[in-house]
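Hello,

Here is the structure for you to look over. My notes follow below it.

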Amino acid sequence: PTSAQVSVVPHSGRFCYTLDNDLLTTEQRQFYEDNGYLLIKNLVSDEDIERFRKEFMRICKREVKPPGVMIMKDESLRSQFGQSEKVVNKVQDFQEDEELFRYCTLPEVLKYVECFTGPNIMAMHTMLINKLPDSDKQTFLHPMHQDLHYFPFRPASRIVCAWTAMERAHRDNGCLVVQPGTHKTTLKPHGYPEWEGKTNKLFHGLLDEDEKIPKVHLEMEKGDTVFFHPLLIHGSGINRTSGFRKSISCHFASSECHYIDVKNTTQEHLEKELQEMVCKKYNTTSVELKDIWNFRARLVQGERINL
């Protein structure tokens with residue numbers, strides 16, 4: 001299975017994207033099948049969210065330095081604000097930070113994840129996003145994209161993202177925007193959009209976006225969590241407020257998923273870019289994409305099989 005193209009192999013019965021479980025109603029399962037996402041209200045407690053917020057602030061101030069964590073900043077603001085949340089727009093790969101990684105082990109999150117992945121669950125990719133207020137020089141608009149573009153493992157139907165709002169997310173502060181039903185399509189070519197001076201590293205987007213497909217803005221309250229398929233086309237808008245829109249997320253996968261070779265696929269250029277970044281950061285000469293993901297991956301439930 002070396003192709004980046006994904007075909008949907010239906011399971012026996014009517015559901016392709018969810019597994020039989022005692023948690024989701026038939027209506028919820030059908031909604032995910034049809035739309036590629038499912039929003040669960042008030043799933044993560046205020047107490048947990050405040051703990052994650054405090055740890056994020058400690059990372060911004062460099063009071064803690066978790067190994068392997070990638071801190072993404074708007075460099076144009078550093079001279080103005082120094083080391084603070086006003087500069088950091090994303091903390092990625094926080095799997096070595098004990099406090100933030102608790103998110104990936106929350107029983108209330110994992111019980112939903114299991115409906116998509118099965119009982120053997122790996123936390124593959126972690127992010128805390130701090131969407132900064134927009135300025136003329138820089139935008140933290142994330143172009144419409146499919147997360148599977150970043151992942152060298154399959155099958156797509158056994159991967160799911162859990163994305164939790166850490167405060168109210170709405171149109172004005174750049175909530176998630178999804179194109180329902182696009183999880184049934186194939187993986188499309190991605191690259192940097194032609195926004196002069198307004199692209200962030202690895203913020204790839206669809207090269208050919210179909211504007212005719214309807215978009216839905218997912219307005220969410222603090223603690224609400226959306227679970228979505230890695231082929232679902234989604235993005236986020238500009239934060240037009242003076243505040244910071246925070247969310248915490250993890251991509252989970254069944255440990256029975258397998259790595260693929262992305263050479264000669266639409267993902268090959270991403271592999272090269274990631275390898276260059278990792279080699280520069282760790283002063284090494286070569287690294288395999290599989291090694292990068294092995295470093296990130298953590299077992300959170302069940303047995304580690306392939307990943």
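At its relative accessibility, does Asn 42 count as buried or exposed? Asn 42 counts as exposed, because its relative accessibility is 58% and the cut-off for exposed is over 50%. Please keep in mind that this is a predicted model.

Backbone first. Asn 42 is not a glycine, yet its phi is positive, at about 50 degrees. Look for Asn 42 in the loop that runs between strand 1 (37-40) and helix 2 (46-60).

Arg 62 is another residue other than glycine with a positive phi, near 60 degrees. Its loop lies between helix 2 and strand 2 (70-73). Arg 62 has 43% relative accessibility, so it counts as partly exposed. That class sits between the buried limit of under 20% and the exposed limit of over 50%.

Then there is a cis peptide bond. It joins Arg 154 and Pro 155, with omega at about 5 degrees. Pro 155 is placed in the loop between strand 6 (153-154) and strand 7 (159-165).

Now the chain as a whole. The secondary structure consists of 7 helices and 16 strands. The chain has 307 residues, and 57% of them are buried. Take the contacts between residues at least 6 apart in sequence: 82% of these join residues at least 24 apart. The accessible surface is about 13900 Å². Carbon and sulfur atoms account for 49% of that surface.

Best regards

Terms used
Residues are numbered from 1 along each chain as its sequence is written. This is a predicted model: local features need pLDDT of at least 70, side-chain atom pairs count only at pLDDT 80 or more; totals for chains, interfaces and linings use all residues. Side-chain values use heavy atoms; hydrogens and water are left out. Helices (H or I, at least four residues) and strands (E, at least two) are DSSP runs, numbered from the N terminus. Buried means under 20% relative accessible area, exposed over 50%, partly exposed in between (1.4 Å probe, protein chains only). Contact means heavy atoms within 4.5 Å. Accessible areas come from the Shrake-Rupley method with a 1.4 Å probe; for residues, only the protein chains shown count as cover.
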